[in-house]
Amino acid sequence: MDAATHNEGLPATREPAAPAPAPAAQGWWRDAVIYQVYVRSFADSDGDGVGDLRGIRGRLPYLRALGVDALWLTPFYASPQADGGYDVADYRAVDPLFGGLADAEALLDDAHRLGLRVIVDIVPNHTSDRHAWFRAALAGDPTARARYHFRPGKGPDGALPPNDWESVFGGPAWTRTADGDWYLHLFAPEQPDLDWDNPEVHAEFEAILRFWLTLGGRGVDGFRIDVAHGMVKAPGLPDIGRKEQARMIGAQELPFFDQDGVHAIHQGWRRLLESHGPDRIGVAEAWAPTTERLALYVRPDELHQAFNFHFLRCPWEAAAMRAVIEESMAATTSVGAPTTWVLSNHDVVRHRTRLGSLERARAAALLLLALPGSVYLYQGEELGLPEVTALPDEARQDPAFHRAARDGETTGQDGLRDGCRVPIPWKRDGGSYGFGPGGSWLPQPQEWGALSVEAQTGDPDSTLELYRTALRLRRELRTDTGETLAWLPVPPGVLALSRPGGLVCVLNTRDEPVEIPAPGRLLLASAPVGEDAGTARIAANSCVWWAA
Ligand code: NOJ
């Protein structure tokens, strides 16, 4: 397929389309559906097998028609790609893999013209080891060294790391440099941690945020803040005294995560965002030991959203799911913030595979879309894509995988994150199923054709059409659903909730159908519903929406 054919879906970018998003009275993010674009795997315009900004531009009409409110773009900055771009060498440049600054501006223009907001990723916990600051630090410049955590090692000749901290990707969180000192990296050695006690680090990141907030005039609509909980470390960098620290993330206190000092940074960023208008948002990728600690990130003077990752670890069981909903809402409501639901992202096994079936994945999506708050969708979940588990080792790029392969057993992240990052299928056929005019940086499985956008469009039973309908109904209901819900009595293994305005959502997590009194007019279901004389028969592992 040549580039012209591949880009036939490109919008007439200079023509006026839908009006730009109107300022929202209540804060647009409070109930927004935000679509995560994993840039290298969404759409490739130039045939190098890697997705790019022009590719995304060409697919904006698809996203507009899907019915999402905003996009979150994963990092597309200049980077050696040691961790899929989360190792940034220049925060003000687009990596040539993905295009140039002019492409970023054009993408923002096009998205805004279509009524879509755009959030970009910012990576403030660490830079790339190729960033000019770190290169200068390695060359011995003391000013540059003071922007990172350099320490002498322990032991008679300093041959032991300065403390016992482990990297999230496995192995020690310290690497020794040629001059004998060590530097801290909570992730890969190519991702040295910045020292946020240094005012120069603050000033530089404020300048970077302003750069993107004003790019091309209107700029971006906000930032997804990577490792927002890790920027401040406990004074003195104390030992932890336990192994397998990465397994405790989000479950226990750690001296490198969720320190009280991070909040002052985010409060400063909130002021900066507001100085560019009321609609610019910050969303924290934050892991905290309790929902109450997580809620601190979304206090009124802090960030607008924090991802709620509880469903990533929740079993397929109605009572457990209800507990997640209740706890999450109680915590965020206590600070006046909305919840921010997530089923999948580029770091976890796709939820179709995690939950065990497509039926459950479809049902889970309907549940989340019925809840108060905002929902983040991960590209490809609207196609019901499974995790790709059969990738050859040599194709894998996750740094945690290679660290594990080199060092043996890892105690960190599993290193299998490539399986959810396989480029998504747009067409039934073709070298990369319409991903681009060349190949695909990770091999796509054969089933991709049948799961493609082309194959599912117009099929009323497809997952894509289910998402389209759900998003349309959610938009139509939006004005009167409020931010609360009430629980309705149902049998074990089932949960039922109603929203102000009359939406009733019933989820059956059992492996057999259940019958309940039909609560209203059937709106949408993830599997066929039987209705007879006021009784509704809800299929196993399915979810149904009614208008009461
Ligand atoms: C979280 C990102 O989502 C992940 O992909 C990345 O590896 C780490 N932060 C480090 O930046």
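This is a predicted model: local features need pLDDT of at least 70, side-chain atom pairs count only at pLDDT 80 or more; totals for chains, interfaces and linings use all residues.
## A sheet and a ligand site

In strand E21, Trp 545 is the bridge partner of Leu 524.

- Strands E18 and E21 (residues 542–547) are paired in the antiparallel sense, with four bridges between them.
- They belong to an open sheet of five strands, ordered E14-E15-E16-E21-E18 with antiparallel pairing.
- Because strand E14 (486–487) and strand E18 (521–525) each have a single partner strand, they stand at the edges, and one side of each is left without a neighbour in the sheet.

**Helices on the sheet**
- Helix H10 (residues 318–333) lies across E14, strand E15 (494–498) and strand E16 (503–508), and runs at about 35° to E15.
- Helix H12 (residues 358–370) also packs on the sheet, where E15, E16, E18 and E21 are the strands it touches; its direction makes about 35° with that of E21.

**The ligand site**
- You will find 14 residues surrounding the ligand, and Asp 83, Asp 226, His 346, Asp 347 and Arg 417 are the closest.
- By class, this shell has seven charged, four nonpolar and three polar residues.
- Arg 224 has a side-chain N or O atom 3.0 Å from an oxygen atom of the ligand.
- On its own the ligand has 290 Å² of accessible area, and the protein covers 97% of it.

Key:
Residues are numbered from 1 along each chain as its sequence is written. Side-chain values use heavy atoms; hydrogens and water are left out. A residue is near a molecule or strand if one of its heavy atoms lies within 4 Å of it. A polar contact is a pair of N or O atoms within 3.5 Å; within protein, one must be able to donate a hydrogen and the other to accept it, and residues adjacent in sequence count only if both atoms are side-chain atoms. Accessible areas come from the Shrake-Rupley method with a 1.4 Å probe; for residues, only the protein chains shown count as cover. Ala, Val, Leu, Ile, Met, Phe, Trp, Tyr, Cys and Pro count as nonpolar, Asp, Glu, Lys and Arg as charged, and the others, Gly among them, as polar. Two strands pair if DSSP finds at least two bridges between them. Helices (H or I, at least four residues) and strands (E, at least two) are DSSP runs, numbered from the N terminus. Contact means heavy atoms within 4.5 Å. Axes are lines fitted to C-alpha atoms, for helices over the stretch in contact, and angles run from 0 to 180 degrees between N-to-C directions.
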